[in-house]
Amino acid sequence: MRSLLGDHLLQRLQQDTEGKLHQRLFRCLRGAIIDGVIQPKTRLPASRDLASEIHVSRNTVLTAYEQLQAEGYLEARTGHGTWVAEKLPESFLNTQNKKKVVSSPKVQNSYALSQRGSNLLGYAAASPHQWGAFVPGAPDVTEFPHHIFSRIQARLSREPDINRLIYSNAGGCIELRSALADYLRVARSVQCDADQIIITEGIHQAIDLVSRALSDMGDKIWIEDPAYWGMRNTLRINGLDIQPMPVDAEGIIPEENPAKPPKLIFVTPSHQYPLGS
């Protein structure tokens with residue numbers, strides 16, 4: 001299997017066709033180092049491995065490495081391989097050249113967020129503490145049985161099902177959806193089967209999927225006031241007409257005889273502390 005560096009060098013070698021092969025390889029490696037494709041203090045592949053990747057002789061790679069080392073781009077460490085130098089020769093240019101570089105005009109960034117993106121960012125917020133005591137939706141990860149999970153994962157990874165490795169159109173792992181259906185029937189009294197469950201990455205993606213599939217831009221929806229901030233932002237970015245509704249001890253207070261009923265009603269009991277109405 002080729003590395004990213006091998007792919008990069010093969011492409012550049014096809015473009016640089018002048019001179020002997022070791023000279024072309026030297027220029028390609030030096031350009032990759034100067035351009036930052038290969039970062040300082042990065043270990044380069046062994047000469048034998050790189051030669052095999054890019055289909056050249058090992059002597060060609062060794063000659064290019066030696067020239068790069070002689071010019072200060074590489075450092076060879078006995079027993080530790082070949083590394084890109086921490087400071088490149090270009091960093092030792094004289095003061096006059098440095099001033100020219102600093103004073104050169106910079107290209108102005110002409111990109112900007114869309115109005116919708118700016119609006120979403122203006123309402124964005126998140127706590128720096130995403131887990132711990134009394135944080136909803138965050139389990140005690142310190143108690144997770146990692147050693148058992150690792151053994152199961154290693155066993156399943158030896159002969160993985162091909163359906164686990166490619167795109168899926170089934171809404172998620174069928175075994176997980178079946179287990180969730182069993183859990184929901186017992187723990188939440190929700191009567192459903194696996195075909196009615198879609199696995200998402202979390203509440204934000206789930207709300208986004210529901211709002212896109214079941215409503216159009218401008219549709220009126222009701223949410224609790226106060227409501228989960230992440231839900232409000234997801235609905236706002238989808239262009240829905242959000243109408244906050246007050247909450248009492250029984251939960252959301254619906255509007256009596258509305259002229260036009262809402263298309264959707266979103267409630268988040270887990271965010272109504274401390275009783276979860």
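**Group meeting: a walk through the predicted model**

Okay, let's start with contacts, meaning heavy atoms within 4.5 Å: of the contacts in this protein with a separation of 6 or more, 50% come from residues 24 or more positions apart. Before I go on, this is a predicted model, where local features need pLDDT of at least 70 and side-chain atom pairs count only at pLDDT 80 or more, while totals for chains, interfaces and linings use all residues. Numbering runs from 1 along each chain as its sequence is written, and side-chain values use heavy atoms, with hydrogens and water left out.

So, the overall inventory. The protein has 10 helices and six strands; those are DSSP runs, H or I of at least four residues for helices and E of at least two for strands, numbered from the N terminus. There are 277 residues, and 24% of them count as buried. For accessibility, buried is under 20% relative accessible area, exposed is over 50%, and partly exposed is in between, using a 1.4 Å probe and protein chains only.

Now the inside. A nonpolar core here is a set of buried Ala, Val, Leu, Ile, Met, Phe, Trp, Tyr and Cys residues joined through side-chain atoms within 4.5 Å. The largest one has 24 residues, and Leu9, Leu25, Leu29, Ile38 and Ile54 have the most contacts inside it. Four helices each supply at least two residues of this core: H1 (4-15), H2 (21-34), H3 (47-54) and H4 (58-70). Which helix gives the most to this core? That's H2, with six residues. If you click on Ile38 and ignore neighbours within four places in sequence, you'll find Leu5, Leu29, Ala32, Ile33, Leu44 and Val84 in contact with Ile38. Apart from that core lies another one, of 11 residues, including Ile223, Ala227, Met231 and Ile242. As background, nonpolar side chains in soluble globular proteins tend to be buried together.

Next, helix H8, residues 174-187. The expected span is 1.5 Å times one less than the number of residues. For the 14 residues of H8 that should come to 20 Å, and the end C-alpha atoms are 20 Å apart, so the two agree.

The residue I'd show you in H8 is Arg177. Arg177 is buried yet has no salt bridge; Asp195, the nearest side chain of opposite charge, is 4.2 Å away. For charges, Lys and Arg count as positive and Asp and Glu as negative, with His and the chain ends not counted. A salt bridge needs a side-chain nitrogen of Lys or Arg within 4 Å of a carboxyl oxygen of Asp or Glu. What does the side chain of Arg177 have around it, then? Leaving out residues up to four places away in sequence, Arg177 touches Ala170, Gly171, Gly172, Ala194, Asp195, Ile197 and Ile199. A polar atom of its side chain is 3.1 Å from the backbone oxygen of Gly172, and the backbone oxygen of Ala194 is 2.9 Å from a polar atom of that side chain.

On to the salt bridges; the structure holds four.

Asp219 sits in the loop between H9 and strand S3 (220-225), and Lys263 in the loop between strand S5 (251-252) and strand S6 (264-266), so the pair ties together parts that are 44 residues apart in sequence. Asp219 is buried at 16%, whereas Lys263 is partly exposed at 45%.

Asp225 and Pro226 are joined by a cis peptide bond, with omega about 10°; Pro226 is in the loop between S3 and helix H10 (229-237). His55 isn't a glycine, but its phi is positive, near 60°. His55 lies in the loop between H3 and H4 and is exposed at 64%. Ser189 also has a positive phi, about 55°, without being a glycine. You'll find Ser189 in the loop between H8 and H9, exposed at 59%.

Technical notes. Polar contact = N/O pair within 3.5 Å; in protein donor to acceptor, adjacent residues only side chain to side chain.
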